[in-house]
Amino acid sequence: MTPAARLASAAAIIDRISAGKAPAEAVLKTWGTENRYAGSKDRRAIADQVYKVLRARGRLVWAMGGREDGRALVIGALSLIDGLSVEAIEALHSGDGYGPKPLSKQERSRISMTADEVPGWVAAGLPEFVVEDFRHTFGDRWAEEAAGLMVPRAPIDLRVNGARATVDEVMAELREAGLSPERTPWSAWGLRLSAEPPPNVQALEAFKAGRIEIQDEGSQVVCWLAGVAPGMTVVDYCAGGGGKTLGLAMQGLADGASRVEAAPPEPERIWTPTGWVDAPKSKPKAATVAQAEGRLIACDVVQKRLDNIRPRLARAGVEAELIHLGPNGGGVEDIVGIADVVFVDAPCTGSGTWRRRPEDAWRLKPEDVDRMHSLQMAILARAAKLVKPGGRLVYVTCSMLRVENEATVDHFEEDHPGFAPVEIAGALYSAAMTDAARETLAGLAQGHRLRMSPATTDTDGFFVALYERRA
């Protein structure tokens, strides 16, 4: 493909992303399947152009006079991000072959202008209605936090499954596969891969055999803060895809269970009434993990999500009970007041993952945030009923927005005086945390609340609050 044809394809893909709800990654994959003529270098160049536009979409829309179509955004990116001259951009828009048609007078005028004063929300790269929330939360650092969330590409974090392997073993295995893993700073079970070039983790034998899972380090940290220990009854109240369910399961392994227990060998010959015969060959059984007595219960309102957790549990070598929740939280009546840990990874806007899915920033509306806040308050109140006296309640979101985080737990604390705050600093003393985590994250915590973000911890954006039921 010519450079001009790549631009035309990028513009068409951006329009498709804007028109639907599918992740950009899925839209790009579908486009590649539909257009087999595009080679790997073409697909890579087109994807880079698409993500470049998505990350700077607010700025580009403003620069192009409010236009939101893919063509205008690509033209704006060539000027504002790539720094091409008007003449160079015109050369790429000659209309020849499969390239884009020539620039209009309006387009030429927009990329020829020099803005004297760019609005703050445009410079930050955030949706306009989100800026006030960031200012309230982060004060003078709000622009730095916005840039960390919207500009860089996120690395690929892995969690080593201690039931299958050690971190050192997995590091050696990944290096043999041609990758360059590094240890994550906060999670003792985490490894980090560069996103450039993007590794195909799911094709690795380590992934297929359950020795690793793809999980952002911030997501690992909130699992370790839950304080799960062998023998506990643990409820993952909003299990979703099951990533945190697996993290919670790993903490519940019996002491010393850093390996799977091999199934006992089958006899070669067995006795029957007619004499000794060769034993029938049974299908090989997956090795099981040595687990202490306890229960791990994963709940969700969508049955399909629970069904999708099953193969992940099997691959990791752990077990969990799966409960399909009713629309008002029904289905858990028999576990009310018995859980040692209730982990609430609440539905949220996902704004903490915008560096991975920048398209979601521009799909978000103010009413979506308000709806999530109301839903979170209802879910947290229902989940709290499952905690036994002395048990821990963990509230988590992958949101950067105050209304989904501090505002939600403020409301919970006012309505539930029987739940006492648990200091983050104390919860950091887990073998799954590094010494650096105990020092740095304790400094970032506000008592029983902790915020992590790309700018402060080089993780996705996460919020966690810890409580103990006293009555």
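**Exercise 1.** Determine how many residues lie between strand 2 and strand 3 in their hairpin, and describe the pairing of strand 3.

*Solution.* Step 1. Strands (E, at least two residues) and helices (H or I, at least four) are DSSP runs, numbered from the N terminus. Strand 2 and strand 3 form a hairpin, with six residues between them.

Step 1. Two strands pair if DSSP finds at least two bridges between them. Strand 2 (residues 182-183) pairs with strand 3 in the antiparallel sense over two bridges, and strand 1 (residues 156-160) pairs with strand 3, also in the antiparallel sense, over four bridges.

Step 2. Arg-192 in strand 3 is the bridge partner of Glu-182 and the bridge partner of Asp-157.

A note on the source: this is a predicted model, in which local features need pLDDT of at least 70 and side-chain atom pairs count only at pLDDT 80 or more, while totals for chains, interfaces and linings use all residues. Residues are numbered from 1 along each chain as its sequence is written, and side-chain values use heavy atoms, with hydrogens and water left out.

**Exercise 2.** State which residues of strand 3 are found on each of its two sides, and whether they are buried or exposed.

*Solution.* Step 1. In a regular strand, side chains alternate between the two faces of the sheet.

Step 1. Buried means under 20% relative accessible area, exposed over 50%, and partly exposed in between (1.4 Å probe, protein chains only).

Step 2. In strand 3 (residues 190-193), Gly-190 and Arg-192 are on one side, and Leu-191 and Leu-193 are on the other. All four are buried, and both faces of the strand are covered.

**Exercise 3.** Describe the salt bridge between Asp-216 and Arg-356, and name the network that contains these residues.

*Solution.* Step 1. A salt bridge is a side-chain nitrogen of Lys or Arg within 4 Å of a carboxyl oxygen of Asp or Glu. The side chains of Asp-216 and Arg-356 meet at 2.9 Å, N to O.

Step 1. The pair links distant parts of the chain, 140 residues apart. Asp-216 is in the loop between strand 4 and helix 13, and Arg-356 is in the loop between strand 12 and helix 16.

Step 2. Asp-216 counts as buried because its relative accessibility is 9%; Arg-356, at 27%, counts as partly exposed.

Step 3. A network of salt bridges links Asp-157, Arg-192, Asp-216, Glu-217, Arg-355, Arg-356, Asp-458 and Asp-460.
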